[in-house]
Every structure is written in structure tokens, then in C-alpha cells.
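Subject: Structure handover

Hello,

The structure we discussed is below.

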Amino acid sequence: MRTDNKMRTGRRIRTSILAAALVAGGLLLQGGAQAAEEAAAGPGADWQTWKANTDVSDTASVQRGARNFVSYCLGCHSLKYERWQRLGKDLVIPQALLEKDLLPPGDKATQYILTSMPAADSETWFGKTPPDLSLMVRARGKDYVYQLFKTYYVDPTRPTGANNLRLPGIAMPDVVSELEGLKRAVYKNVEKRGEDGQATTEQVFDHFEQIAPGRMTAGEYDTFVRDTVNFLDYVSEPAQVVRRSTGVWVVLFLLVFTWLAWLMKREYWKDVH
């Protein structure tokens with residue numbers, strides 16, 4: 001009897017192992033097929049589906065994003081609703097380190113984060129004044145900003161020598177090209193038919209082609225962009241982490257209060273028929 005039980009147990013174990021192996025194999029084949037499809041389509045073909053996948057509660061990421069903003073964005077863009085002092089407090093940056101590595105010369109921690117570029121000069125150089133980025137993520141969404149950073153390409157027809165898939169005709173130059181490198185957009189001809197049945201040929205973006213390397217690898221640059229977007233997400237609502245954690249307690253309080261109110265109502269109306 002014991003021998004039969006052992007045999008049945010052994011068969012069940014082997015069956016479970018085989019099933020797990022088949023599932024794992026299926027997942028590997030599926031992942032390989034997806035990778036093959038992406039490779040066949042070319043890098044960047046699916047750019048409209050890219051997600052930022054950032055988390056403002058990741059303080060280290062937001063700190064790195066603040067460094068990136070000061071190094072590459074503050075020359076043209078301001079954060080007129082954020083003070084240096086508030087930034088240092090929220091991101092746990094010591095005052096001495098804040099003044100040494102982030103504050104521009106002559107600025108004080110109590111001042112707002114403003115660019116030193118005169119608006120008139122920037123309009124002359126770029127054709128328009130660079131926008132304030134305080135609420136950019138709130139207005140456009142963090143995925144939009146992430147895709148904007150990742151879809152620059154070389155375009156000799158533009159005054160800055162660069163264009164962008166997310167915002168065609170963008171006035172902002174590709175200031176981070178030294179990090180990502182240079183790439184060109186490859187288009188393909190697609191035939192479409194209008195309502196009148198006439199066929200027309202339209203150029204549609206197909207993929208990016210790297211033409212010059214940058215100082216960062218693709219993975220390092222992706223981290224750089226995500227950190228920068230994460231910082232801009234924080235700036236768009238500096239209190240959002242506290243708001244979300246407080247919101248949990250508020251909801252719990254309301255649930256408990258509702259339960260107590262129901263008990264009181266039942267006590268008051270127990271004699272009413």
C-alpha cells in the first residue's frame with residue numbers, strides 16, 4: 001500500500017515538473033518571438049507605446065533628476081513654482097550640498113528656480129521663449145515627456161539640426177545628444193486609398209538608425225531620461241507623496257467614522273417601528 005502511494009506521489013511530482021517546464025518554455029518562446037518582432041521592426045518603431053514607469057517616492061531617482069535638470073535644462077527653462085529650499089527639504093539634500101552642486105552662483109536657497117537666460121534673447125535665438133516646466137508633466141503627462149526625450153533625431157532642414165517625433169518642428173535643440181548620440185529617422189512608403197478610391201503614397205516612420213554613439217549606453221541614457229522625468233513629475237506636485245500616504249489614513253478614518261455613525265443610527269432608531 002505504501003509502495004502504491006509513493007508511486008502515485010512520484011507520478012504527480014513528475015507531472016507537475018513537466019507542466020512547469022512546458023509553461024516556462026512557452027513563456028521563453030513568446031518572449032523570444034516578441035524580441036524578434038521588435039528587432040525586425042527596428043529600434044523605436046513602437047515609440048508611441050513607451051512608458052516612463054517612474055515613481056516619485058524613489059528619492060534617489062528624483063535627486064539624480066534634479067542634477068540632470070540643473071546640468072541640461074536650467075540654462076533655458078525655469079521652475080517658477082518651486083524654491084531651492086523646498087527642493088532640498090523634499091529630496092533630503094543637505095544645505096551645504098545644495099549650495100555647492102545645484103544652486104547657480106549668486107542664487108539663494110529661498111529663491112525660486114529660475115533660468116538666467118533673458119526671455120527676449122531666447123525668443124530671438126529659438127523663435128519663442130522656452131516654456132516653464134513646473135507643470136509640464138501635469139499638463140502633458142510623464143509618458144509624453146519621456147517620449148519627447150527619446151525621439152530626437154537628426155534633421156538638417158531644421159534650424160537646430162534636430163527634430164522630434166513626439167513634437168514635430170520642435171524649437172528646442174537636442175541638448176542631450178552628447179549623451180545619447182545621434183540617430184536618424186528612417187521612413188517607409190505606405191500606400192493608402194482615399195474615399196474616392198485614389199491611391200496615394202505616404203511616408204511613415206519606420207525606425208531609428210544610430211549614426212554616432214554618445215557618452216552613455218542605451219540603458220544608461222534610458223535611466224538618465226527616467227530620472228529627469230521623475231524629477232519633473234515631482235516638481236509638478238511636490239506634495240504628492242505626502243498626499244497619497246495621508247489619503248490612506250483619511251480613507252481609513254472615513255470608514256471607521258461611517259461604521260460608528262451606523263452604530264449610532266441603529267441605537268437611536270432601535271425603538272422606532
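Which side chain meets that of Glu237 in a salt bridge at 3.8 Å, N to O? In this predicted model, the partner is Arg138. Glu237 sits in the loop between α9 (218–236) and α10 (240–268) and Arg138 in helix α6, so the contact ties together parts that are 99 residues apart in sequence. Arg138 counts as exposed because its relative accessibility is 54%, and the cut-off for exposed is over 50%.

Glu237 also forms a salt bridge with Arg243, where the closest N and O atoms are 2.6 Å apart. Arg243, at 43% relative accessibility, counts as partly exposed. Through shared partners, Arg138, Glu237 and Arg243 form one network.

A further salt bridge joins Lys150 and Asp222, with 3.1 Å between the closest N and O atoms. Lys150 belongs to helix α7 and Asp222 to helix α9, 72 residues apart, so this pair too links distant parts of the chain. Both Lys150 and Asp222 are buried. The whole structure has 12 salt bridges.

On the strands: β5 (residues 181–193) and β6 (residues 199–213) pair in the antiparallel sense over 13 bridges. Tyr187 has Phe205 in β6 as its bridge partner. Between these strands the hairpin has 5 residues, and Gly197 takes a positive phi near 85 degrees.

Regards

Key
Residues numbered from 1 in each chain as written. Predicted model: local features only at pLDDT ≥ 70, side-chain atom pairs only at ≥ 80, totals over all residues. Heavy atoms only, no water. Pairing = 2+ DSSP bridges. Helix = DSSP H or I, 4+ residues; strand = E, 2+ residues; numbered from the N terminus. Salt bridge = Lys/Arg side-chain N within 4 Å of Asp/Glu carboxyl O. Buried < 20%, exposed > 50% of the residue type's maximum accessible area, 1.4 Å probe, protein only.
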